[in-house]
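Please look through the sequence and the model shown here.

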Amino acid sequence: MKRLNNLYYSKRIKELLAELQTAGTTLVVAPMGYGKTLAVQYFLQEQERCGKKVLRQSIYGAGAEAFWQGVCHSWQNTELGAALLQQSLPADANAKTLVLELFRQLLPQEPVYWFIDDLHLLESSEVIDFLFALSKAGFADLHLLLVSRGQIFDGSRLLELGRKVSCLDKHDLALQRDELAEYSSRCGLQLTSQQLDALHEACEGWFSVTYLNFLNYDRYQRFCLDTGSVYEMIANVLLRPLPSEQQRLLLLMGQPEEFTPEQVAYAYGTSCRESVGRLLECNAFIIRLANGRLRCHHMLKQATRHAFGLLPEAEQQMYFRRLGQWYAQQKEYEEALDWLYRGRDFDGLLAAVQQLRDWSMHPQHRQHLFDWLCECPPEILWQYPQAVLIIMRRMFSLNMVPEMLQVKEWYVTALERNTALSQRERDNYYGELEVILSFLAFNSITGMSEHHRRAYKLLSGAPQTLSKQGIWTFGAPSVLGLYLRTGCSLRQTVEDMQECMPPYYLLSGWHGAGAAELTEAEALLLQGRIDEMDMPLQKAYYQAEKHGQECITICCDFLEMQRDLFRGVYSSKAEAYSRHQWQLQPWKQSMLLNTADMCAGFYYALLGKPEYIPSWLTDGNGQQPSVLYPARPCRNYISAQCLLAQGQYTELLVRWSDWEQECRPYSNFLCLLYLQVQRAAAFAGRGDVTSCRASLKQALAMAEADKLVLPLAQNIALLRPYLEQEAQGEYSAAAAAALHLGQQMEAGRGQIMSARFAEAGLQELTEQELQIAQLAAARHTNREIAQRLSLSEGTIKQYLNKIFAKLQIDAAAKNKRHQLERFFSNS
């Protein structure tokens, strides 16, 4: 009896697969048709029989987002899966750290085999980076099985993983001559030794081609060893010999990535259960999945899709339409969209969109988003204003602003033409439109607030376009860095924020709570009114923590760190941030880890401890962790301050033009001011007196009206002599205030350095340096120290410069001996 569809696993293959139980990560890499997936599935079925937990994920597209959706789906119904849903694919070091911590904390306390198939379909280096990081972490109970047609990790990464990774390739999976003989016998074929030799030589152990030859031999008593294309073999052996009905059914099976028999029968349009069953029985290229669905092997899928494309267009659209309607009936609305569009069923398409309030979108939907509305007949479009609203919302998130404004006109027309809407429904739709249009007014507080107030009056409930869980600051640590648009507007900006935020709180359920109070505190800090900022800062803390707005809490911490520098108090929060030992739980937004890095980096740059600055803030390699676009100007001035602390003056000046341009789209005046001050400081560091004075004058002109002296004071070490000159000139008030505030900061910084870092600094001194330091701290002159130690005065001066550097005492400060004296008294 012929058993051609029986699966065959040789003893050698079974032994190789058994070794996977001890591997942390297994890479199975071979060309198509070598039985990669079937071999791994056999191994996993054996593990399931032993009670082991198995997760399966198939890759169906090139996008990173679709991959991450698959990750979350694989881990659904677990605590880890719930946490991963709150994240996106980690694209930077901080995000990877967070996600790996989730795995460490929340992995089930049992062996888990996670199988990811068809990785070659991905076009995302971020996915491979993530899988490498996961493999390198080497969690004891997690076994990764990664399958691909092409290389997954390059040679250096394989070397780095070492024994943590196991590899199987085409030579491991290919049928050997004796295995081919056993396989043919088990299938019930009686082949001669010469036939087996010819088949093995032609197929080279390629499983799929061997199987197709078995089918052809069973039907025609001959092999097809000279066929140039495996796809032509599939068409000749599996497709063309079928009756018309079964041909159509097989073509339909090849269209979705996964399918059910009921779905194929529905798409075909008549009762054909028996025909579907016969196809499944006699075709080993149709694979049954763990979720109960089926899928065609890629070779069969490609052959059937080519044949399907030769059908008349009207017939293709009919089948596409039915597939879309099937998905919609199953409430798989995202899957339905593309099929309904390809089937020109715009009524069904827009009805499906209306079910997708929290729509994340597949990559292919992005390409067609505008096309759907352009090609939809107007009489259908006007019946679905809610669907148009949802599409508009997605367009804004994709920065499709011109298209969004065009859709706005269609949306208004749809509301006016839809006579079935009640006045309350119509008002709600207009209210939602106001919320969406408010984003187009960013970063005008009053402009956004006008839309928010209109929305609040129109809406009868919470808007669907706002989420309290969103990051109100876009990842920036400074509110005024986002919203201070021009000079001479600081007080007005604070008042606008205080007036406009309460209506927004009511509209959004306290999204951004504490921002108004925080703006006032930041304004006072920028003006050097250190003691006045405590009350609004504490109010901001209270509101942010009460309403769960972590992004505002981080901004409060950023202000507190800068304030405490003036008070000589070391920030334990900065230390915790730099080590990621902070109050945010690991299942919160990973972007806030990058905000924490910015806070810590800026603080340690001001403190003069560049070794504590996160490297991504200054590396400039284009792989910086992500913040949303509006927050990039804040990130840039923080990076510039870090470069100054490292003495990388030329690097700062090289990047300055790009950073300055990124402040222009949203008129980020405070960020521009910081960059102008930092540019002057970089010129000063290079000894370019003329350029420094020119840049400093521009900075003073920007700062004077609103007395924004903090950026100048924070760069006092490099700018002191130039500010002293300017204190006698056109901008004397701003320069004098910056000098006074800068001296306060230097004194506070000196207290922190002597109190916090004295012991470590003293341990770095040699015996000779320590003796000289003690004499200098006792107020001995260089000449006295030289005479006492029988050294030259110049040598003593060189020693003292080294000592000041090791003890983190600013070499430009006038009171170095006083700081040294305080250093020894504290230690």
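**Charged pairs and a sheet**

Arg-453 has a relative accessible area of 33%, so the residue counts as partly exposed. This value, like the others here, comes from a predicted model. The side chain of Arg-453 forms a salt bridge with that of Glu-499, with N and O 3.9 Å apart. The two residues belong to distant parts of the chain, 46 residues apart: Arg-453 is in helix H25 (residues 445-458) and Glu-499 is in helix H27 (residues 490-508).

Side chains of opposite charge can pair when their charged atoms come close. The structure holds 32 salt bridges, and two further ones are described next.

One of them joins the side chains of Arg-104 and Glu-101, at 2.5 Å from N to O. Arg-104 is exposed, because its relative accessible area of 51% is over 50%. Glu-101, at 24% relative accessibility, is partly exposed.

Another salt bridge, 2.9 Å from N to O, connects the side chains of Arg-563 and Asp-534. This pair again links distant parts of the chain, with Asp-534 in helix H29 (residues 534-546) and Arg-563 in helix H30 (residues 550-566), 29 residues apart. Is Arg-563 buried or exposed? Arg-563 is buried, because its relative accessible area of 9% is under 20%. Asp-534, with 24%, is partly exposed. Both residues belong to one network, in which salt bridges with shared partners join Asp-531, Asp-534, Arg-563, Asp-564 and Arg-567.

The sheet comes next. Five strands make up an open sheet with parallel pairing, in the order S2-S3-S4-S1-S5. Strand S2 (53-58) and strand S5 (165-169) form the edges, each pairing on one side only. On average, neighbouring strands of this sheet are turned by 15 degrees against each other, direction ignored.

Within the sheet, strand S3 (residues 112-117) pairs with strand S4 (residues 142-148) in the parallel sense, over five bridges. Which residue in S4 is the bridge partner of Phe-115? The partner is Leu-145.

Helix H3 (residues 64-74) lies across S2 and S3 and runs at about 160 degrees to S2.

Conventions. Residues are numbered from 1 along each chain as its sequence is written. This is a predicted model: local features need pLDDT of at least 70, side-chain atom pairs count only at pLDDT 80 or more; totals for chains, interfaces and linings use all residues. Side-chain values use heavy atoms; hydrogens and water are left out. A salt bridge is a side-chain nitrogen of Lys or Arg within 4 Å of a carboxyl oxygen of Asp or Glu. Buried means under 20% relative accessible area, exposed over 50%, partly exposed in between (1.4 Å probe, protein chains only). Helices (H or I, at least four residues) and strands (E, at least two) are DSSP runs, numbered from the N terminus. Two strands pair if DSSP finds at least two bridges between them. Axes are lines fitted to C-alpha atoms, for helices over the stretch in contact, and angles run from 0 to 180 degrees between N-to-C directions. Contact means heavy atoms within 4.5 Å.
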